[in-house]
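Hello,

Here is the structure I promised to pass on to you. Please have a look at it first, and then read my notes below.

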Amino acid sequence: MQHDILLENRHLDGVNPLICGFQDCEPSHSYGPYAREYWLLHYVLSGKGIYETVRGVNIVREGQLFVIRPDEITTYTADKRDPWHYCWIGFQTSLDVEPLLGEDVITAPECAHIFHAFQDSGHIRFGRELYICGKIFELLSLLSVEAAPVEDATIHYVRMAQNYIESNYERELRVDKLAGYLNLDRTYFSKLFRRHTGKSPQRYIVDFRLEKAAELIATRGFAPGEAAQLTGYSDIVNFSRMFKRKFGVPPSAYRLK
């Protein structure tokens with residue numbers, strides 16, 4: 001029996017859930033050939049079946065999900081002896097999910113609880129779409145752990161550090177504390193950071209703060225002292241000296257330049 005969980009199209013940015021449901025299929029029950037305009041994931045909670053794409057035929061079992069890409073023609077059929085029980089989620093996204101969903105069939109037993117949550121979401125009266133959206137992000141997060149290549153592990157630390165700097169530039173920022181947040185030795189962290197950005201962490205902090213201060217002065221009309229304070233500089237003399245060294249003119253003349 002098929003159970004559809006009705007959703008409102010709320011046109012959410014990033015990830016926008018469109019359809020959700022689950023089904024205990026009859027033996028040899030088949031769907032397709034058919035195509036959709038959105039991503040559609042089926043997770044097999046029990047049983048097994050066959051999933052067919054232009055790339056070939058796959059046997060899909062409990063603990064696996066099969067991926068239907070936008071505008072791709074597919075067919076899937078329940079096993080005649082052990083028909084599958086699956087849950088599905090369909091969504092639009094502006095994210096690059098191809099690296100995470102590049103395989104037709106993905107073994108992901110650790111994702112079972114997310115699809116059980118999709119299955120239970122029909123009991124949510126208000127905010128159902130936002131709840132499901134959050135679960136889709138959780139699903140992508142779990143899949144990213146499996147999909148991430150080993151060589152990308154170090155860039156992940158650097159990107160987190162960059163985001164922290166760019167989100168907290170007005171606060172006191174210390175490289176040793178930043179390395180500690182990432183559970184890395186300071187020297188090792190600094191080497192990683194320089195390898196991926198071409199700058200030391202301290203140089204990155206200084207450059208980002210000064211560029212932000214220049215933006216505040218030139219485009220938002222802040223006085224140099226205000227810009228210094230808003231970008232984490234308590235010493236206006238030191239700020240002016242560093243600003244001139246980077247931009248060639250003192251902060252007071254930058255707007256005119």
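Is Arg55 buried, partly exposed or exposed? Arg55 counts as partly exposed, at 47% relative accessibility; buried means under 20% relative accessible area, exposed over 50%, and partly exposed in between (1.4 Å probe, protein chains only).

Before the rest, some background. This is a predicted model, in which local features need pLDDT of at least 70 and side-chain atom pairs count only at pLDDT 80 or more, while totals for chains, interfaces and linings use all residues. Residues are numbered from 1 along each chain as its sequence is written, and side-chain values use heavy atoms, with hydrogens and water left out.

Across the whole structure, a search finds 13 salt bridges (a side-chain nitrogen of Lys or Arg within 4 Å of a carboxyl oxygen of Asp or Glu). One of them joins Arg55 to Asp104, with the closest N and O atoms 2.7 Å apart. This pair links distant parts of the chain, 49 residues apart: Arg55 is in the loop between β5 (48-53) and β6 (56-61), and Asp104 in the loop between β9 (85-93) and β10 (105-107). Strands here are DSSP runs (E, at least two residues), numbered from the N terminus.

Asp104 is buried, at 11% relative accessible area. Asp104 also forms a salt bridge with Arg69, at 2.9 Å between the closest N and O atoms, and Arg69 is buried too. Arg55, Arg69, Glu72, Glu98 and Asp104 are linked in a network of salt bridges.

Elsewhere, Asp207 pairs with Lys199 in a salt bridge, the closest N and O atoms being 2.8 Å apart. Asp207 is buried, at 8%, whereas Lys199 is partly exposed, at 27%.

Best wishes

Key:
Helices (H or I, at least four residues) and strands (E, at least two) are DSSP runs, numbered from the N terminus.
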